[in-house]
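Hi,

Here is the structure I promised to send over. Have a look at it first, and then read on for what turned up.

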Amino acid sequence: MTLRPAVASDLLIDGKLVPGSGGTFDIVNPASEEVIGKAADATAADMDSAIAAARNAFDTTDWSRDHALRARCLRQLRDALLAHADELRELTVAEVGCPVFLTHGPQLEGPITDLGYFADLAESHAWTQDLGEATPMGIKNHRELRSEAVGVVGAITPWNFPHQINFAKIGPALAAGCTVVLKPAPDTPWCAALVGKVIAEETDFPPGVINIVTSSDHAVGAQLSSDPRVDIVSFTGSTATGRKVMAAAAESLKKVFLELGGKSAFIVLDDADLGSACAMAAFAVVTHAGQGCAITTRLVVPRAKLADAIKATGDAMAGLAANDPTNPGTICGPLISATQRERVESYIRLAVEEGGTIEVGGGRPADKDKGFYVEPTLISGLDNSARVAQEEIFGPVLVVIAHDGDDDAIRIANDSPYGLSGMVYGTDETRINKVVDGVRTGTMGINGGIWYAADVPFGGYKASGIGREMGVRGFEEYLEIKAVARPV
Ligand code: NAD
């Protein structure tokens with residue numbers, strides 16, 4: 001079977017592949033600016049049908065109680081997708097503009113493989129837990145806890161790591177026994193729709209258990225936050241949209257799970273190897289053109305070593321030029337769209353208006369006349385109060401900031417509305433641990449450490465979100481607990 005649609009991709013609603021009632025919309029390759037295909041454009045009525053199908057599948061079938069069926073379907077999906085990996089790789093790079101090297105990890109094969117982790121959890125989870133006897137109010141009772149699926153999940157996702165984020169929601173949600181309506185970002189509909197085609201044609205998922213609704217209209221996603229038939233909204237995207245989702249969900253008092261923005265700090269202590277720290281900071285911020293919420297975008301270095309840090313980071317960035325994402329050596333590809341490039345360029349202009357210096361980059365690559373590329377850019381001369389140090393840019397843009405010792409570095413890292421991730425480079429374990437303990441974020445790396453894995457819960461403090469994705473903790477976001485007692 002070939003995945004590439006002859007005309008346009010379809011929606012997956014109630015087990016059937018169907019066209020969108022709103023026709024189709026174009027999919028643009030961000031590296032070439034060419035229209036590479038069309039996606040089904042769902043309307044409010046299509047979303048209504050998808051929610052109805054998910055509700056019906058949850059309320060009238062055995063899906064939420066048949067743990068073995070769920071594990072089997074998830075493994076079947078993993079194996080079917082892996083069999084299509086090369087075709088999916090080509091389509092993913094064309095649609096997302098992500099460097100092809102990342103498709104061997106978090107942009108494709110990693111999250112597909114991780115479906116097996118969630119299948120294992122469906123089987124290994126303690127669905128009942130015996131609490132033994134107690135005598136409340138003088139009456140002896142035997143008690144147990146039962147885990148149950150939350151119900152219908154509305155999953156709303158962004159464009160930067162579409163497979164990773166789609167599967168980090170649908171994997172644990174389905175493993176927990178929920179049914180799902182997935183609404184992917186308008187920029188990356190194929191990554192979800194092609195998975196929908198595989199689900200419909202190559203797996204035994206019962207109708208309505210998983211529905212995939214692509215649309216050019218953000219309002220179609222917003223239906224998931226307000227519709228009372230949806231029990232939980234699992235959202236990844238910008239903090240501004242996350243606030244709207246939470247406000248809309250309040251009306252029907254549904255659970256919300258939010259993975260939002262970040263402005264993470266890369267802290268270099270004065271006993272660190274400055275050269276390797278700066279090389280890693282440069283590599284991190286240019287990867288996928290900086291379009292990652294957990295990327296470290298503030299480089300916080302000892303004041304006495306500021307000039308050396310700027311030189312080392314700039315030299316490393318110069319060797320990481322933006323390039324064609326199909327090239328296996330490319331680390332920095334294009335931004336997703338002309339709109340996103342304009343946003344990044346406006347922040348670079350703002351840095352200069354704020355009194356900053358562009359040490360490296362700052363423009364579009366001279367050798368590219370097509371594609372939404374921006375040069376890897378290093379900004380100096382500002383402190384942490386500058387808007388470019390406070391706001392998420394979502395591009396290959398690093399702001400270097402001086403610190404006056406370990407406590408000051410921790411203060412700067414925490415002087416942010418966000419609290420998603422961070423990195424510390426140093427030698428002395430006691431000092432490193434003080435930084436790790438002091439920085440208020442959901443993940444931290446030490447000396448280049450990589451925390452990303454299926455069993456590691458990911459999420460943020462403060463305006464970076466509510467809840468955790470992946471790991472046992474992420475699976476439990478999709479579970480309710482029922483306490484049951486009987487007299488003995
Ligand atoms: P976005 O918030 O504009 O859109 C995300 C999704 O929300 C899209 O599917 C969009 O159609 C939908 N949407 C838009 N308005 C909506 C509304 N009112 N109600 C419901 N859904 C709505 O974000 P984006 O531009 O696609 O992605 C970039 C942002 O996402 C960045 O700010 C980045 O930090 C963040 N992000 C966070 C994480 C994380 O895990 N913390 C991961 C990736 C991206």
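So, how is the chain divided into domains? Bear in mind that this is a predicted model. Domain 1 covers 8–260 + 464–487, and domain 2 covers 264–452. Going by their C-alpha atoms, the two centres sit 31 Å apart. In the contact, 29 residues come from domain 1 and 29 residues from domain 2.

Together, domain 1 and domain 2 bury about 2,200 Å², and carbon and sulfur atoms account for 65% of that. On the domain 1 side, three residues stand out: Glu-33, Trp-159 and Ser-464 provide 25% of the area that domain 1 buries against domain 2, more than any other three residues do.

What about polar links across the interface? There are zero salt bridges between domain 1 and domain 2 by the rule used. Polar contacts do turn up, though: eight residue pairs, with both partners at pLDDT 80 or more.

As for which elements of domain 1 face domain 2, helix H3 (85–96) and helix H4 (109–124) are the ones giving two or more residues to that side. H3 has the largest share, with three residues. By residue type, the side of domain 1 that touches domain 2 splits into 16 nonpolar, eight polar and five charged residues. Note that the charged group is there on the domain 1 side, yet the rule still finds zero salt bridges across to domain 2.

Cheers

Methods:
Residues are numbered from 1 along each chain as its sequence is written. This is a predicted model: local features need pLDDT of at least 70, side-chain atom pairs count only at pLDDT 80 or more; totals for chains, interfaces and linings use all residues. Side-chain values use heavy atoms; hydrogens and water are left out. Domain bounds come from an automatic or database domain assignment. Contact means heavy atoms within 4.5 Å. Buried area is the accessible area (1.4 Å probe) that two parts lose on being put together, summed over both. A salt bridge is a side-chain nitrogen of Lys or Arg within 4 Å of a carboxyl oxygen of Asp or Glu. A polar contact is a pair of N or O atoms within 3.5 Å; within protein, one must be able to donate a hydrogen and the other to accept it, and residues adjacent in sequence count only if both atoms are side-chain atoms. Helices (H or I, at least four residues) and strands (E, at least two) are DSSP runs, numbered from the N terminus. Ala, Val, Leu, Ile, Met, Phe, Trp, Tyr, Cys and Pro count as nonpolar, Asp, Glu, Lys and Arg as charged, and the others, Gly among them, as polar.
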